[in-house]
Amino acid sequence: MKKSFIFVLAAVAGLAGIAIGIAAGRSNLIRVPKAPSASARVVPAHTTAGVRNVAAQQSGQMQVVRLASNPQPAPPFLARDIDGNVVSTAEWKDKVVLLNFWATWCPPCREEIPELVDLQGRYKDRLQVIGISMDDPEDVRAVKKFAVQEGVNYPIVMASREIILEYGGVPALPTSFVVNTESKVVQKHVGLYPTFVYETEVRSLLGMPVEATVETFKDEGQIFLKNAVLATSLPDVDFKDLTPELKKIALKRMNSESCDCGCRLTLAQCRINDSLCPISKKLAAKVVAEVSSNAPTPASAPSSAPTTSSPTSNQQ
């Protein structure tokens with residue numbers, strides 16, 4: 001039986017399914033198992049999430065472009081593509097880059113390929129699409145055959161442990177990182193997105209006209225998991241009964257204590273990386289409960305002494 005050679009930072013004891021996307025009927029994606037294993041397998045997602053950005057999907061254009069206000073430099077790597085050519089992050093300067101993690105056995109990935117080919121063809125030297133194939137290294141011939149059949153016009157690099165770990169783990173396929181002209185990662189998309197989403201981002205980053213509002217957000221782990229320490233909230237973690245100080249204590253614990261699901265991540269990172277993980281959700285709730293129960297009881301206010309009024313004078 002064919003085995004998928006995937007090295008991934010994030011781990012899960014049991015494979016969860018999730019579907020994320022913008023287009024209805026196109027939101028299925030493939031969950032990547034988090035345990036690093038040479039024989040790791042992936043399975044299709046079975047859970048369908050709500051459709052995102054319905055207005056954009058219906059109108060065929062992005063209304064809001066969201067880019068990180070604290071973008072991190074793209075982790076550098078030097079590799080050879082499937083044709084033997086050198087691919088280096090040093091060549092990305094002044095270009096917008098779409099770094100697309102995919103696999104030939106991933107249906108939504110295959111559906112996305114023509115869109116990426118189209119974008120690369122239309123924006124040519126101003127955009128660089130790079131495919132990172134999560135197929136087994138020994139299947140490079142099959143990847144080459146697929147690339148020729150689909151007319152892929154951009155380099156494809158076979159995934160390595162180093163590349164995947166540098167980009168913080170790949171929770172599902174397809175996953176794409178958007179890199180600006182200063183070689184900084186400004187967005188990450190998990191799932192299948194229509195062409196106009198990427199095109200609007202690319203045009204915005206190239207300083208070209210777009211019919212969209214550009215907004216920024218602080219990367220608190222949405223792009224790079226290491227930024228989870230900056231998070232002020234976590235998926236499905238209820239902090240509402242904690243004071244601001246107790247919330248800080250709880251978040252500090254979640255950023256220092258490990259999850260037990262086998263992911264090798266902190267609780268905070270696991271909640272961000274896989275919001276469906278029941279183990280990190282339970283452990284995070286336990287941390288909140290413990291912090292709340294150990295909170296010092298406010299001292300009772302001292303009773304006020306009765307006030308004694310001075311005798312009033314009846315002098316006329």
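Modeller: Happy to; below we take the chain as a whole and then some of its parts.

Colleague: What kind of model is this, and how many helices and strands are there in the chain?

Modeller: Please keep in mind that this is a predicted model. In the chain, 50% of the 316 residues count as buried. Contacts between residues at least 6 apart in sequence join residues at least 24 apart in 71% of cases. As for the elements, the chain has eight helices and 13 strands.

Colleague: Which residues touch the most other members of the largest nonpolar core?

Modeller: That core has 61 residues. Ile-132, one of those asked for, is in contact with Phe-77, Leu-99, Asn-100, Phe-101, Trp-102, Val-157, Ala-159 and Ile-163, leaving aside neighbours within four places in sequence. The residues that touch the most other members are Phe-77, Trp-92, Leu-99, Phe-101, Ile-132, Tyr-167 and Leu-173.

Colleague: How many residues are in the second, separate core?

Modeller: Its members include Ala-231, Ala-250, Cys-263 and Val-291.

Colleague: How are α6 and α8 oriented to each other?

Modeller: The axes of α6 (residues 244-254) and α8 (residues 278-293) come within 10 Å and cross at roughly 140 degrees. An angle over 145 degrees would count as roughly antiparallel. The crossing of α6 past α8 is right-handed. By their angle, the two helices are therefore oblique.

Colleague: Why is helix α5 largely enclosed by the rest of the structure?

Modeller: Helix α5 covers residues 195-205. Its buried residues include Phe-196, Tyr-198, Glu-199 and Glu-201. After α5 comes Gly-207, with a positive phi near 75 degrees. The helix is largely enclosed because the buried residues number 10 of the 11.

Colleague: How far apart are the C-alpha atoms of Val-152 and Leu-116?

Modeller: Val-152 sits in the loop between α3 (140-150) and β9 (156-158). Not counting residues up to four places away in sequence, Val-152 touches Ile-113, Val-117 and Ala-147. Leu-116 is 36 residues from Val-152 along the chain, and their C-alpha atoms are separated by 8.4 Å.

Definitions and conventions:
Residues are numbered from 1 along each chain as its sequence is written. This is a predicted model: local features need pLDDT of at least 70, side-chain atom pairs count only at pLDDT 80 or more; totals for chains, interfaces and linings use all residues. Side-chain values use heavy atoms; hydrogens and water are left out. Axes are lines fitted to C-alpha atoms, for helices over the stretch in contact, and angles run from 0 to 180 degrees between N-to-C directions. Helices (H or I, at least four residues) and strands (E, at least two) are DSSP runs, numbered from the N terminus. Angles under 35 degrees count as roughly parallel, over 145 as roughly antiparallel, 65 to 115 as roughly perpendicular and the rest as oblique. A crossing is left-handed if the near helix is turned anticlockwise from the far one by less than a right angle, and right-handed if clockwise. A nonpolar core is a set of buried Ala, Val, Leu, Ile, Met, Phe, Trp, Tyr and Cys residues joined through side-chain atoms within 4.5 Å. Buried means under 20% relative accessible area, exposed over 50%, partly exposed in between (1.4 Å probe, protein chains only). Contact means heavy atoms within 4.5 Å.
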